[in-house]
Amino acid sequence: MNRLVPGTIFAIASLSLLAPCAAAHPGAAPTAQHPKHNHTASGHAPIGVMGDHLHGQGEWMVSYRFMRMEMAGSRDGTDTLSADNIVTSVPNRFFGAPMQPPTLRVVPEEMTMDMHMVGLMYGLTDRVTLTAMTSFVTKDMDHVTFQGPAGTTELGSFTTETSGFGDTTLGALIGVDMDGAHRWHLNLGISLPTGSIDETGTILTPMNTRPTVRLPYAMQLGSGTIDLKPGVTYLGRAGDWSWGAQALGTIRLDENDEGYALGDRFEGTAWLAYDFSRSLSVSTRLKAVSQGQIDGIDPLIAGPVQTADPDNYGGETAELLFGANYLFTDGPLAKNRLAIEAGLPLHRDLNGPQLETDWTLTLGWQRAF
Ligand SMILES: [Cu+2]
């Protein structure tokens with residue numbers, strides 16, 4: 001792949017991030033392009049949406065989000081699979097290699113992923129807002145191991161845990177049509193591989209040994225690749241109602257150092273929000289995601305477990321989310337925003353067997369200066 005493209009974008013993004021030091025627009029007054037929408041709770045999209053709003057020239061924003069994803073139980077396509085189903089019927093792609101049984105023998109039962117995301121936005125001009133976001137990720141996965149090469153006798157259980165920095169995204173939001181009831185902007189982003197992809201952990205094998213091995217893809221903290229994240233965002237407003245939609249892609253530019261690339265990802269979302277007051281809005285949102293399988297394979301990841309197979313990643317999901325935004329308009333907390341959004345699955349068609357996501361929760365704080 002062409003390495004020049006990400007290099008150039010990174011250079012531009014880096015320079016752009018330094019530029020604000022030279023700018024002198026602290027506390028710039030709202031302009032025509034920086035309308036009063038930023039001063040109502042619904043001036044920001046539901047907290048799970050990134051890159052939804054621009055800032056006026058010289059304005060900064062700091063944000064913190066906490067996101068939890070809870071996964072339990074496996075499915076293949078839209079069918080749920082029990083642990084007994086998996087260990088009796090799902091072939092082990094590594095069968096034939098030493099010590100590899102013909103079917104899967106280790107089954108993930110539950111996974112919790114917590115992400116702490118810190119973001120920065122800066123209005124370079126009224127039309128261009130720069131963004132940077134990084135994350136700290138914690139993952140834990142509970143498994144049950146079945147005894148020996150066949151049968152449904154449980155040997156025991158174990159948990160693997162990883163934590164550390166995730167990937168970092170730099171971007172720019174470019175206003176296209178910024179006035180009136182219908183507004184549009186472009187999302188340009190690049191994700192840098194600051195998250196680890198060589199995390200290890202101790203597992204329980206069907207032969208009752210406890211080796212420390214490289215953990216499967218799902219437990220790694222980053223993609224290991226430079227990814228482009230292009231997108232487009234639409235925002236509309238009429239009276240106390242506001243709505244919006246966003247399409248966002250994640251395109252892996254190359255394979256990583258371990259020999260694979262996570263699947264490209266496409267996400268579409270649309271939401272509707274209602275203002276109870278300037279301070280409080282509530283929202284409902286639909287989100288659809290399509291992600292491909294892993295391309296390539298890490299030769300150090302192998303075992304009779306679904307997560308070791310690069311084909312058991314990606315799929316198509318739809319989620320229904322409910323949220324609320326609160327903006328402090330007076331007093332010492334003025335300009336602080338708090339938000340919450342929770343999601344439940346509507347549709348899960350997974351390249352499986354794969355753990356299914358049962359719910360998500362995002363809490364956020366934002367403050368503009
Ligand atoms: Cu912002």
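Modeller: Let us begin with the elements: helices (H or I, at least four residues) and strands (E, at least two) are DSSP runs, numbered from the N terminus. The model is a predicted one, in which local features need pLDDT of at least 70, side-chain atom pairs count only at pLDDT 80 or more, and totals for chains, interfaces and linings use all residues. Residues are numbered from 1 along each chain as its sequence is written.

Colleague: How many helices and strands does the protein have?

Modeller: There are 2 helices and 18 strands.

Colleague: Among contacts between residues at least 6 apart in sequence, what percentage join residues at least 24 apart?

Modeller: In this protein, 68% of those contacts do.

Colleague: How is strand pairing read, and which strands pair with β1?

Modeller: Two strands pair if DSSP finds at least two bridges between them. Strand β1 (residues 60–77) pairs with β3 in the antiparallel sense over 13 bridges, and Arg 65 stands opposite Met 117 in β3. β1 also runs antiparallel to strand β18 (residues 336–368), with 14 bridges joining them; here Met 67 stands opposite Thr 362. A further antiparallel partner of β1 is strand β2 (residues 79–81), joined by 3 bridges, where Ser 74 has Leu 81 as its bridge partner. The hairpin from β1 to β2 passes through 1 residue.

Colleague: Which strands does β6 pair with?

Modeller: Strand β6 (residues 168–177) runs antiparallel to β4, with 6 bridges between them; Leu 173 in β6 is the bridge partner of Thr 129. β6 also pairs with strand β7 (residues 182–192) in the antiparallel sense over 9 bridges, and Ile 174 has Leu 186 in β7 as its bridge partner. The hairpin of β6 and β7 has 4 residues between the strands, and Gly 180 there takes a positive phi near 85°.

Colleague: How is burial judged, and is Thr 233 buried or exposed?

Modeller: A residue is buried if 20 or more other C-beta atoms lie within 10 Å of its own, exposed if 12 or fewer, and partly exposed in between; the C-beta atoms are placed from the backbone. Buried residues make up 39% of the 369 residues in the protein. Thr 233 counts as buried because it has 24 C-beta neighbours inside 10 Å. This residue is found in strand β11 (residues 231–238). Leaving aside residues up to four places away in sequence, Thr 233 touches Gly 51, Asp 52, His 185, Asn 187, Gly 244 and Gln 246. Thr 233 and Gly 244 lie 11 residues apart in sequence and 7.3 Å apart in space, C-alpha to C-alpha.

Colleague: What is a nonpolar core, and which residues have the most contacts inside the largest one?

Modeller: A nonpolar core is a set of buried Ala, Val, Leu, Ile, Met, Phe, Trp, Tyr and Cys residues joined through C-beta atoms within 7 Å. The largest here has 25 residues, and those with the most contacts inside it are Ile 86, Val 87, Leu 104, Val 107, Tyr 217 and Ile 294. At least two residues of this core come from each of α2 (83–89), β3 (106–123), β4 (128–146) and β13 (260–261). A second, separate core of 5 residues includes Ala 45, Val 49, Trp 271 and Ala 273.

Methods
Contact = placed C-beta atoms within 7 Å.
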